[in-house]
Amino acid sequence: MISVAARLAWTYLAPNGANFVDLHVYVGGAAMLDGGELYSYVYGEQTPDFALPFTYPPFAALVFYPLHMVPFGVLALASHLVSIAALYGVVRISQRLLGAVDPRSTMLWTAVGIWLEPLRSTFDYGQINVLLVLAVLYAVYSTRGWVSGLLVGVAAGIKLTPAVSGLYFLGARRWGVVFGSAGVFLATVVLSAVLLRDETWYYFTQLLGEAQRVGPIGTSTNQSWRGGISRILGYDAGYGPLVIAGIALTAVLAALAWRAIGGAADRLGALVVVQLFGLLLSPISWTHHWVWLLPLMIWLLHGPLGTRRGARLLGWAWLVLLLVGVPWLLGFAQSELWAISRPWYLAWAGLVYIVATLTTLGYIAATGRRRR
């Protein structure tokens with residue numbers, strides 16, 4: 001309760017508390033369904049360097065539509081409380097996947113998790129990533145295929161990125177979930193096409209590949225391979241040879257890590273491996289996308305490798321890294337939001353999550369194999 005109270009105090013009493021800019025985009029964009037053009041909407045009142053557009057699929061606007069009928073102050077407070085509850089759920093299900101639920105440990109991880117960089121930015125912006133992580137975790141935990149397929153399909157229909165979870169279900173050979181989630185996702189597209197024909201066509205034929213529209217590729221808070229390589233080169237690297245090489249390296253390490261831990265026999269470990277690969281694969285992985293690092297730390301410290309010194313060292317190193325918020329700190333050294341070029345030491349420091357992820361996957365691949 002102390003951690004929750006401190007978070008709320010920071011939001012509402014601190015001079016630089018939460019600005020809820022993404023929540024403004026959700027609400028304002030969805031309100032455009034009353035007669036405006038969804039993808040012409042931008043929110044710039046608190047973001048003078050970058051007027052934020054609505055970047056999610058049209059189905060997300062349909063889901064968010066009722067939000068614009070709620071007073072924004074009430075909605076902002078509710079987003080905090082719902083995110084905290086979802087964070088508790090993420091910790092609880094992660095522990096259940098390990099078969100070791102400890103109420104005191106659950107509360108402690110929730111209290112600490114509130115102050116990790118991915119969650120700090122989630123609260124500050126009014127983001128929904130912790131809810132999507134919870135949905136995918138429960139999909140893996142559930143033995144009912146229709147529930148799992150529904151959760152993954154709807155989550156992907158809202159924000160696309162959860163679709164990478166399909167790799168887990170493919171590897172686990174849960175074919176019902178694979179086809180069910182694909183069918184649900186397709187249903188979200190069809191529903192959008194029926195209700196929002198022009199917006200749906202425009203999004204999936206023109207906007208889907210425009211990463212620059214989502215945000216500045218080179219900013220330090222984009223911790224994907226594309227962001228990291230772009231900062232080193234000084235321009236948007238796109239999916240050029242260096243980015244592809246980085247993704248290929250990550251894919252190899254992720255495959256070796258998956259095999260080393262016994263695949264989906266270790267559900268939490270296998271899921272985290274897939275999500276780490278997805279985060280580096282995506283053109284943009286803002287720090288608030290990295291909520292998956294919380295289940296990773298729980299797995300490293302309390303999972304099958306938890307008795308090993310290396311796993312514990314990695315778990316504590318991630319915890320320190322996230323509490324400090326290195327990408328966030330690097331943001332203060334940027335000359336301006338859209339500038340990709342920067343001094344070499346800042347560019348290389350901006351690889352922090354990428355290097356830590358490769359180190360983690362490499363360790364799992366090596367140590368897990370020896371353990372088997």
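Tutor: Let's start with the terms for sorting residues: Ala, Val, Leu, Ile, Met, Phe, Trp, Tyr, Cys and Pro count as nonpolar, Asp, Glu, Lys and Arg as charged, and the others, Gly among them, as polar. Please keep in mind that this is a predicted model.

Now to the cavity. The structure holds 1 cavity of 30 Å³ or more, and the volume of the largest cavity is about 40 Å³. Around this space you will find S220, R231, L330, A333, Q334, R342, L346 and G350 as the lining. Sorted by class, that lining has 3 nonpolar, 3 polar and 2 charged residues. L330, A333 and L346 are in the lining and, being Leu and Ala, count as nonpolar. R231 and R342 also line the cavity, and as Arg they belong to the charged class.

L160 has a phi near 60 degrees, which is a positive value in a residue other than glycine. Look for L160 in the loop between α8 (145–159) and α9 (166–171). With a relative accessible area of 24%, L160 is partly exposed.

R173 also has a phi near 60 degrees, again positive in a residue other than glycine. Its place is the loop between α9 and α10 (175–195). R173 has a relative accessible area of 64% and is therefore exposed, since exposed means over 50%.

Technical notes: Residues numbered from 1 in each chain as written. Predicted model: local features only at pLDDT ≥ 70, side-chain atom pairs only at ≥ 80, totals over all residues. Heavy atoms only, no water. Helix = DSSP H or I, 4+ residues; strand = E, 2+ residues; numbered from the N terminus. Buried < 20%, exposed > 50% of the residue type's maximum accessible area, 1.4 Å probe, protein only. 1 Å grid on protein atoms, 1.4 Å probe; cavity = no way out; pocket = protein on both sides within 12 Å on 5 of 7 lines; lining within 4 Å. Points joined across faces, edges and corners; volume = space filled by probe spheres on them.
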